[in-house]
Amino acid sequence: MSKNLTSELNPGQKEAVLHTKGPLMVLAGAGSGKTRIITCRFANLVKKASPCSVLAVTYTNRAADEMRAGIAGQVGKDLKQCWIGTFHSQCVRILRKEISALGYSPDFSIYDDEDQLNLIRHILKDLNLYEALYKGVLSKISNLKSSLIEPKEFVAKSDGFGFEERLAKVYMRYQDELRKSNALDFDDLVMLVIKLFENEPAVLDRYHKMFEHILVDEFQDTNPAQYKLLKLMARPQGNICVAGDDDQSICRLRGGELNNMLNFENDFPGAKVIRLDQSYRCTQKILDVSGGIVSKNSKRMGKDLQAKNGQGEDICFFWLNSEEEEARHIARMIREFFLKNTYGYGDFAVLYRINSQSRALEDRFQSEGIPFKVMGGVSFYQRKEIKDLAGYLKLVVNKDDNVALRRIINCPPRGIGASTLSKVEQNAKKKSLSLYASIKGLLKANGLMVTMKEKLESFISLMEGLSSRRYKDAAELLKAIVESTGYMTDLDEPRAENVKEFIASAAGKDVKEFADKLSLASGSEESSAEGHVRLITLHCAKGLEFPVVFVAGMEEGLLPYFKAKSPEELAEERRLLYVGMTRARDILILTGARKRRLFDKLKEQKPSRFLQDIPKSCYKTIEKAPPQAARKEEVFRPAPAPLPYVTGTRVKHSKWGVGIVRDCYGEGDDAKVTVNFPSIGLKKLNLKFAHLEKIH
Ligand code: ATP
Ligand code: MG
């Protein structure tokens with residue numbers, strides 16, 4: 001490793017980088033340099049060996065990109081082909097090569113959250129089950145899958161009462177539909193690699209030989225399936241290095257498993273454990289405040305962190321009157337720091353518990369001209385026009401992808417309506433075919449009405465035309481899709497711009513690799529946000545670091561979240577807050593509001609109970625007086641009219657047709673409504689000018 005890098009490591013870090021034989025666990029608190037150790041270890045290991053002999057697992061694609069760039073700078077080798085990525089992207093890479101051994105075709109599609117939800121909704125409808133439950137059903141299925149419980153086993157364990165049995169039925173059908181579509185969801189990616197390695201020892205042996213070392217960052221959040229995969233891959237050499245912080249385990253409810261950290265020493269006998277006790281990121285006061293909160297948790301491995309950067313500034317908690325006032329206050333502080341020239345806009349992050357909290361902040365920042373980016377909101381890749389084109393692209397690669405086909409068969413509209421599709425679906429079900437094959441079968445059988453036949457024929461010939469050509473890159477295929485479908489014809493200007501940007505981003509990329517990248521990109525990873533204040537949920541803030549961090553909504557009901565009731569759930573909320581607070585390097589500011597609109601109701605809020613766990617010596621409360629004057633004014637002023645729409649109301653718009661209200665807020669002329677129109681996606685409208693018609 002280059003000399004300057006070892007010299008920047010403390011003795012504990014250096015030991016972790018240089019301990020290269022046998023299992024190693026680095027157990028240390030926030031900002032202690034765990035990620036830096038993983039990066040340096042990689043660089044050190046590949047100095048003499050091939051870059052492909054080390055497998056590094058990171059938590060997000062973005063973290064993987066940063067790591068790759070950092071290492072490339074140190075070793076001066078081409079790292080394009082090296083194995084740095086998330087569990088999912090590594091599994092995709094293995095499966096694209098090996099999946100035929102499991103009887104799948106290597107052209108499988110990958111279903112992201114939205115694809116999965118679409119599929120579950122379709123199944124619930126087909127089974128006549130209550131559709132609104134789809135999100136809960138999906139997360140239950142995902143938990144079963146990440147715990148490696150297959151549908152067959154779950155049926156056996158079913159309690160014989162209602163819900164479990166229905167869940168078993170949906171789970172069984174869901175797996176069946178995935179199989180028919182030649183599609184894998186994120187959990188399958190891991191499950192199938194495990195299956196592959198268990199069933200095919202020769203294949204496993206090849207990977208054992210290839211990967212001499214395995215490195216894992218954010219180990220505290222690996223789920224049981226991922227941990228099992230690590231155990232399979234790390235043997236027989238046992239050269240596995242994991243780095244984690246039990247206090248930052250925040251995916252437990254999504255299958256993350258703290259036990260992995262407790263089990264590591266048993267599963268890898270002779271494992272060396274290195275603890276680090278210096279934080280290079282946070283000031284001592286930030287460590288004391290965040291440590292105070294998490295110290296109330298009972299099951300902890302325990303750590304004592306000291307800040308390298310000294311005591312730092314006091315931490316302030318601002319108790320404000322409303323969410324608007326909170327947003328105004330945060331905007332004002334950001335502006336003051338900015339004007340004093342101490343920080344650029346890119347140095348700030350505002351963290352919050354739930355997505356809808358970003359709304360007041362967005363409105364405020366927008367009106368004050370503060371540049372910002374919401375991370376983890378509707379990302380570029382989740383926009384309707386991008387998802388549609390990605391649907392075509394996926395269908396070109398894998399004709400059996402039913403979710404993609406359902407999405408685009410009538411988009412842009414080509415007269416293939418619900419009744420035609422239902423005929424296609426029924427035929428597919430009866431003959432156990434994919435929808436695409438079902439259409440072809442129906443056309444061959446010649447039993448269709450002429451108009452229906454013509455439309456389906458022209459759809460098939462469009463798709464066959466697209467697949468029959470060879471494309472230099474994914475951009476060329478996307479251009480062909482846009483041209484042959486006329487997709488851009490009715491698109492408004494911003495959406496057309498998005499499509500152009502999307503096509504440009506596909507230039508020079510292999511079609512299949514580009515399709516994988518799209519499926520694996522997640523909302524929290526919106527690309528560059530340089531020079532922008534970042535708005536992020538606490539869950540998406542893991543691994544990040546900012547000079548100034550605001551944690552907004554320090555209130556009961558948000559922190560802890562109102563659904564968290566059991567001691568385990570409350571412990572997870574504390575860890576989530578700990579993760580958020582320790583993203584701050586110099587300054588941490590906490591805010592809360594007396595009144596907040598939550599789930600369509602204006603609520604009186606109380607300060608978070610977690611504030612009582614903070615040592616009084618390191619923070620102060622600054623309370624804004626309740627608005628007396630405003631209250632008096634209210635007596636004379638008529639109360640604002642209640643908002644006309646609650647979430648879920650069906651409305652009609654003259655241009656975009658029927659949609660469902662997602663949100664309605666603001667007062668008088670400022671009232672806004674967000675509506676999801678199936679024809680174009682989410683739209684934020686000024687209530688006064690939207691001229692919506694309520695439909696009952
Ligand atoms: P988290 O628990 O939040 O993931 P971490 O333990 O992975 O944190 P890093 O992100 O690796 O910590 O490091 C935190 C910060 O401290 C980074 O800015 C990193 O560059 C810096 N840092 C780490 N080790 C050293 C060191 N020995 N000397 C100087 N700076 C360091
Ligand atoms: Mg880290």
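Is Tyr345 buried or exposed in this predicted model? Tyr345 is buried, at a relative accessible area of 11% (buried means under 20%, exposed over 50% and partly exposed in between, with a 1.4 Å probe and protein chains only).

## Basis of the model

The model is predicted: local features need pLDDT of at least 70, side-chain atom pairs count only at pLDDT 80 or more, and totals for chains, interfaces and linings use all residues. Residues are numbered from 1 along each chain as its sequence is written, chains are lettered from A and ligands numbered from 1 in the order in which they are written, and side-chain values use heavy atoms, leaving out hydrogens and water.

## Aromatic pairs

Rings of Phe, Tyr and Trp (its six-membered ring) pair if their centres lie within 6.5 Å; planes under 30 degrees apart count as stacked, over 60 as edge-to-face and the rest as tilted. The count comes to 15 aromatic pairs. Phe338 and Tyr345 form a stacked pair, because their ring centres are 3.9 Å apart and their planes lie at 10 degrees. Phe338 is partly exposed, at 30% relative accessibility. Elsewhere, ring pairs join Trp83, Phe197, Tyr207 and Phe211 in a cluster.

## Surroundings of ligand 1

Ligand 1 is surrounded by 18 residues (each with a heavy atom within 4 Å). The closest are Glu8, Lys34, Thr35, Gln248 and Glu545.

Oxygen atoms of ligand 1 lie 2.7 Å from a polar side-chain atom of Thr35 and 2.8 Å from one of Gln248. For the side chain of Arg281, an N or O atom is 2.8 Å from a ligand 1 oxygen.

Note on methods. Polar contact = N/O pair within 3.5 Å; in protein donor to acceptor, adjacent residues only side chain to side chain.
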